[in-house]
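Student: I have a model open and would like to learn how to read its features one at a time. Where do we begin?

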Amino acid sequence: MNPSAAPAAASTVLTGLAPIVSPSTVVLILGSFPGVKSLAQQQYYAHPQNQFWKILQAVWPEKPLPSGADSYGKRCGWLLDRGLGVWDVYGACEREGSLDSAIRAPVANDIAGLHLPRLAAIAHNGGESFKHARHTRTLGVPVYQLPSTSPANASWSFERKLAAWREVFVAHHLL
């Protein structure tokens, strides 16, 4: 053993967030795993540069999203009122930072175990989530890959992302 070699850092297993779903969920949006800010705040898509909430507001401009410091619970209700659900493909993993490429030793969530009676589609938010499409397709509903709302996905304009997201919601009569 090289005495000058630094010991390997111990990895911490991170645990994701609970699903936001109801028996009325029609489209389940699956991310990969919450970022550092989302985990710290215990809120999906908490990073201010993530476009998730901005895209949803643009899809339903006539239904203002609750805002303010204590609005997260109301935003979750807003999602459910639109027929949406949110969860992640991974329930736990090891990761430094927030990038999907840094995810190690992921543990998949039991998506089939949600038992959503009105589920009509799965929408994967980004490429890492979409790697699980072979599993989500076993639920017998259409599965879509949507462009990631992450600030790391700068190659798609907001308008292009919005059009792709809107198309899925239109296809499943949520608009």
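Student: How much accessible surface does the chain have, and what share of it belongs to carbon and sulfur atoms?

Tutor: Keep in mind that this is a predicted model. The accessible surface of the chain is about 9300 Å². Carbon and sulfur atoms hold 55% of that surface.

Student: What percentage of the residues is buried?

Tutor: Of the 175 residues in the chain, 47% are buried. A residue is called buried when its relative accessible area is under 20%, and exposed when that area is over 50%.

Student: Which share of the contacts joins residues 24 or more positions apart?

Tutor: Such pairs account for 60% of the contacts in the chain with a separation of 6 or more.

Student: Next, aromatic rings. What describes a pair of them?

Tutor: A pair of aromatic rings is described by two quantities, the distance of the centres and the angle of the planes. With centres within 6.5 Å as the rule for a pair, the chain has 7 aromatic pairs. One of them is Tyr45 with Phe52, with centres 4.0 Å apart and planes at 15°. That pair counts as stacked because its angle of 15° is under 30 degrees.

Student: Are Tyr45 and Phe52 buried or exposed?

Tutor: Tyr45 is buried at 13% relative accessibility, and Phe52 is buried at 0%.

Student: What is the geometry of the pair Trp165 and Phe169?

Tutor: Trp165 and Phe169 are edge-to-face, with 6.3 Å between the centres and 65° between the planes. Both residues belong to helix H6, which covers residues 158-171. They are 4 residues apart there, about one turn of the helix. Trp165 counts as buried, at 0% relative accessibility, and Phe169 is likewise buried at 0%.

Student: Which residues form the aromatic cluster?

Tutor: One aromatic cluster is formed by Tyr44, Tyr45, Phe52, Trp53, Trp60, Trp78, Trp165 and Phe169.

Student: Where do charged side chains sit over rings?

Tutor: Lys54 has its charged end over the ring of Phe158, 4.7 Å from the ring centre. Arg160 lies over the face of Trp156, and here the distance to the ring centre is 3.7 Å.

Student: Let us turn to the backbone. Which residues other than glycine have a positive phi?

Tutor: Ala105 has a phi near 50°, and so does His115. Ala105 is in strand S5, residues 104-108, and is partly exposed at 49% relative accessibility. His115 is in the loop between S5 and strand S6 (121-125). His115 counts as exposed because its relative accessibility of 67% is over 50%.

Student: What does Thr25 reach with its side chain?

Tutor: The side chain of Thr25 reaches the backbone nitrogen of Ser22, at 3.0 Å. Thr25 is in the loop between strand S1 (13-15) and strand S2 (27-31), and is buried at 1% relative accessibility. Beyond its neighbours within four places in sequence, Thr25 has contacts that include Leu80, Gly83, Leu84, Leu116 and Arg118.

Student: How do I compare distance along the chain with distance in space?

Tutor: Take the C-alpha atoms of two residues and set their spacing beside their separation in sequence. Asp70 and His124 are 54 residues apart in sequence and 27 Å apart in space. Pro117 and Ser101 are 16 residues apart along the chain, with 33 Å between their C-alpha atoms.

Student: Where do Asp70 and Pro117 lie, and are they buried or exposed?

Tutor: Asp70 is in the loop between helix H2 (52-59) and helix H3 (72-81), and is exposed with a relative accessible area of 73%. Pro117 is in the loop between S5 and S6, and is exposed at 64% relative accessibility.

How values were computed. Residues are numbered from 1 along each chain as its sequence is written. This is a predicted model: local features need pLDDT of at least 70, side-chain atom pairs count only at pLDDT 80 or more; totals for chains, interfaces and linings use all residues. Side-chain values use heavy atoms; hydrogens and water are left out. Rings of Phe, Tyr and Trp (its six-membered ring) pair if their centres lie within 6.5 Å; planes under 30 degrees apart count as stacked, over 60 as edge-to-face and the rest as tilted. Buried means under 20% relative accessible area, exposed over 50%, partly exposed in between (1.4 Å probe, protein chains only). Helices (H or I, at least four residues) and strands (E, at least two) are DSSP runs, numbered from the N terminus. A charge sits over a ring if NZ of Lys or CZ of Arg is within 6 Å of the ring centre and within 35 degrees of the ring normal. A polar contact is a pair of N or O atoms within 3.5 Å; within protein, one must be able to donate a hydrogen and the other to accept it, and residues adjacent in sequence count only if both atoms are side-chain atoms. Contact means heavy atoms within 4.5 Å. Accessible areas come from the Shrake-Rupley method with a 1.4 Å probe; for residues, only the protein chains shown count as cover.
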